[in-house]
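Trainee: Could you take me slowly through one part of this model, the annotated binding site, and tell me what surrounds it?

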Amino acid sequence: MSVPETTPVIGVFALQGDVREHLAALRSSGAEPVAVRRPGELAGCDGLVIPGGESTTMSKLAVSFGLMEPLRARVRSGMPVYGTCAGMIMLADKILDPRSGQETVGGIDMIVRRNAFGRQNESFEAALDLAGVPGGPVEGVFIRAPWVESTGAGVEVLASYDGHPVAVRQGSLLATAFHPELTGDHRVHALFTAMVRTAGESGREASGGRISGVGSVDCR
Ligand SMILES: NC(=O)CC[C@H](N)C(=O)O
């Protein structure tokens, strides 16, 4: 008898960035998406997406809404997080060229360079072979995108462009310099949703039935 697939609750950091596109992509990949602006909303999520946008603004808003420390705590406790573009910057342990006062959530042992591929009018698309995503290349949309300058030993590079890593994974953390949420191809979100399901299953085993890390607060 087959076991029905669970529907994980996946939050989208919603203080800034292209939130709606991620909510839609997550819904089509079998997750229940919710917008996250407050720590109580984060507490009810099995995973989180940090969207594209502007990483300095995200950093400042996360601090002033009291989300930065809860985000760091959930990353430390193993919650899966996927960052696109500005979200990738938010997951980097270090930014090569931070703006003043810019902090990151961190978690991926990498150094990123902001706006590495140029300005808004130098935006481009490129077909990328992405490890872990079957069915042919993924169309990468790069908008004032960062690249990964260097990675630590625990970081797996899933795709590169022009010799620079643009998709990486470290444990339950996934980051892309490009924006799959803008293309209508939801295979990267499906990969992330599968990562969240797997993390939930091992959390449930460890806690004897309950999903670990999920508080009593309903985030919907
Ligand atoms: N499309 C994007 O998310 C751009 C990221 C932006 N350049 C930053 O530094 O945050």
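Mentor: Before we look at neighbours, we need one cut-off: two residues are in contact if their C-beta atoms, placed from the backbone, lie within 7 Å. Keep in mind also that this is a predicted model. The UniProt annotation "binding site", which comes from an unreviewed entry, covers Gly53, Glu54, Ser55, Arg114, Ile143 and Arg144. These residues span 92 residues in sequence, yet no two of their C-alpha atoms are more than 12.9 Å apart, so they gather at one spot.

Leaving aside residues up to four places away in sequence, Ile143 touches Gly52, Cys85, Gln120, Ser123 and His179. Ile143 counts as partly exposed, because 19 other C-beta atoms lie within 10 Å, and a residue is called buried if that number is 20 or more.

Ser55, by contrast, has its place in helix α3, which covers residues 55-64, and Ser55 is buried, because 29 other C-beta atoms lie within 10 Å. With residues up to four places away in sequence again not counted, Ser55 touches Ala86, Ile89, Met90, Gln102 and Arg114, and Arg114 is itself one of the residues that the annotation covers.

Finally, we can turn to the ligand, around which we find Gly52, Gly53, Glu54, Ser55, Cys85, Ala86, Ile89, Arg114, Asn115, Ile143 and Arg144. Sorted by class, this shell has four nonpolar, four polar and three charged residues.

Notes: Residues numbered from 1 in each chain as written. Predicted model: local features only at pLDDT ≥ 70, side-chain atom pairs only at ≥ 80, totals over all residues. UniProt positions renumbered as here; feature names shortened; annotations may be inferred. Helix = DSSP H or I, 4+ residues; strand = E, 2+ residues; numbered from the N terminus. Buried ≥ 20, exposed ≤ 12 C-beta atoms within 10 Å, placed from the backbone. Near = placed C-beta within 6 Å. Nonpolar A, V, L, I, M, F, W, Y, C, P; charged D, E, K, R; others polar.
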